[in-house]
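Have a go at each task before you read the solution.

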Protein chains: 2
Amino acid sequence: MAVRKARSRDLREACIQEALAIIETAGVERLSLREVARRLGVSHQAPYKHFESRDHILAEIVARAFETFARHLDERPRTGDPYLDLGEMGRAYLSYAQAHPLQYRLMFGTPLPDPEQHPDMMQKARHAFSLLQDAIAQLPDRRPDQDSAGRTDLDALFIWSTIHGLSSILQSDAAEKLDLSREVLDAAIPETLRRIGMALRSTENQ
Amino acid sequence: MAVRKARSRDLREACIQEALAIIETAGVERLSLREVARRLGVSHQAPYKHFESRDHILAEIVARAFETFARHLDERPRTGDPYLDLGEMGRAYLSYAQAHPLQYRLMFGTPLPDPEQHPDMMQKARHAFSLLQDAIAQLPDRRPDQDSAGRTDLDALFIWSTIHGLSSILQSDAAEKLDLSREVLDAAIPETLRRIGMALRSTENQ
């Protein structure tokens, strides 16, 4: 019985790894439980013992991506200065995106499975976003008034947009093909983080 | 002879339209001159009279996208205030991305054909980027010193990252699935443009 359980867990994990391989080599639109079974050399029905549908295996892959992404953000160096801390979070975000382009694309560049059907995935996605919201809430002059939640979310959207956009541009060939100098590309991350800090510190906020 | 020339132009244009349809329905990786010919019901060789290769037809499609994109940016309302002008450019950028998602993805989300081989495409891409550089150069306190080119490019990267990232996030389902309120989503564009303005106006620049 113990052996059968272990084997069952092995198959579950093998399905996930094979699904990742399909997404990586053929694209997420080619993912199906049938293809997972075919590549593992098991019966068509075998993956269904562990996953109700193709969306369920995708949701688990996306959930794991959000989990490791959030852990990576959370393990950033802590400085005690809330502006520097946001900068460290930005660097951690960019280093995750560069090291795990497939997971990054699944989280932020692909339509996600229906959140109603996959609450665990959504809980992990929201947890990652909440790390950014929490870091913003540490900034000075944030008063817990009735607008503060909306204000934090707008700042989170601004910061996320800037870092997400920079990540896409640096990973594309656009920056290189636009004849930007090596110096500009090397300075792009620290300068963009500095600009975000300027925007958040601006006296226009008060 | 005039008729033959007109027909030849028609086939050239038909190839481009069919290539766009292939990219839209099947993805850019499925584009080939053979598939264009098959769908048009012409001989396999016919498209080669007009395009050396699949990359040449793609480069023309991308070049046209950059051309209409730059025209759209250039037709923004002019206010005379360089900060408001950058904001109008941001709005024009976002409205193009929303109205032409396919062209937008081809310009900024797909590996471009080799720029050495397609100078017309690259000239049009650089022209679009130069509109942003020109608008930044109009900001006050920009001194034509030795660092100004690098500084303008870094500001261009910051602004482009922020707007490109916001465009991706608003077009994805991420913002909705994160339970952001309608008010936050409605305010996202003006607030992000305001943050960009704050960063550019910051006294830390001086």
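Helices (H or I, at least four residues) and strands (E, at least two) are DSSP runs, numbered from the N terminus. This is a predicted model, where local features need pLDDT of at least 70, side-chain atom pairs count only at pLDDT 80 or more, and totals for chains, interfaces and linings use all residues. Residues are numbered from 1 along each chain as its sequence is written, while chains are lettered from A and ligands numbered from 1 in the order in which they are written.

**Exercise 1. Find B:Asp179, say what its phi looks like, and do likewise for A:Asp179.**

Step 1: go to the loop between helix 8 (174–177) and helix 9 (182–201) of chain B; B:Asp179 sits there. Step 2: check the backbone, where B:Asp179 has a positive phi of about 65° although it isn't a glycine. Most residues other than glycine have a negative phi. Step 3: turn to chain A, where A:Asp179 lies in the loop between helix 8 and helix 9 and has a phi near 65°.

Step 2: count neighbours. A residue is buried if 20 or more other C-beta atoms lie within 10 Å of its own, exposed if 12 or fewer, and partly exposed in between, with C-beta atoms placed from the backbone. A:Asp179 has 12 C-beta neighbours inside 10 Å, so it counts as exposed. B:Asp179 has 13, so it counts as partly exposed.

**Exercise 2. Work out whether A:Ala175 is buried or exposed, and list what it touches.**

Step 1: locate A:Ala175 in helix 8 of chain A. Step 2: count again; 20 C-beta neighbours inside 10 Å make A:Ala175 buried. Step 3: look for contacts (two residues are in contact if their C-beta atoms, placed from the backbone, lie within 7 Å). Not counting residues up to four places away in sequence, A:Ala175 touches A:Ile169, A:Leu170, A:Leu180 and A:Leu185.

**Exercise 3. Describe the overall build of chain A.**

Step 1: count elements, which gives nine helices and zero strands. Step 2: get the dimensions; the C-alpha trace spans about 65 × 45 × 25 Å along its principal axes. Step 3: of the 206 residues in chain A, 33% are buried.

Step 2: Where they meet, domain 1 of chain A puts in 10 residues and domain 2 of chain A puts in eight. Helix 1 (residues 2–26) supplies the largest share of the domain 1 side, six residues.

**Exercise 4. Work out how chain A meets chain B, and how the two copies are related.**

Step 1: size up the contact, which takes 40 residues from chain A and 40 residues from chain B. Step 2: ask which element gives the most on the chain A side; helix 7 does, with 13 residues. Step 3: sort that side by type, and you get 21 nonpolar, 10 polar and nine charged. Here Ala, Val, Leu, Ile, Met, Phe, Trp, Tyr, Cys and Pro count as nonpolar, Asp, Glu, Lys and Arg as charged, and the others, Gly among them, as polar.

Step 2: The superposition is by least squares on the C-alpha atoms of residues with pLDDT of at least 70 in both copies. Step 5: compare the surfaces; 100% of the contact residues of chain A recur in chain B, so the same surface serves both copies.

**Exercise 5. Find the residues with the most contacts inside the largest nonpolar core, then follow the one in chain B.**

Step 1: a nonpolar core is a set of buried Ala, Val, Leu, Ile, Met, Phe, Trp, Tyr and Cys residues joined through C-beta atoms within 7 Å. The largest has 102 residues, and A:Val62 and B:Val62 have the most contacts inside it. Step 2: B:Val62 is among the buried residues of helix 3 of chain B, along with B:Ile61 and B:Phe66. Step 3: leaving aside neighbours within four places in sequence, B:Val62 contacts B:Leu106, B:Met107, B:Leu112 and B:Met121. Step 4: pick up B:Met121, which is one of the buried residues in helix 6 of chain B.
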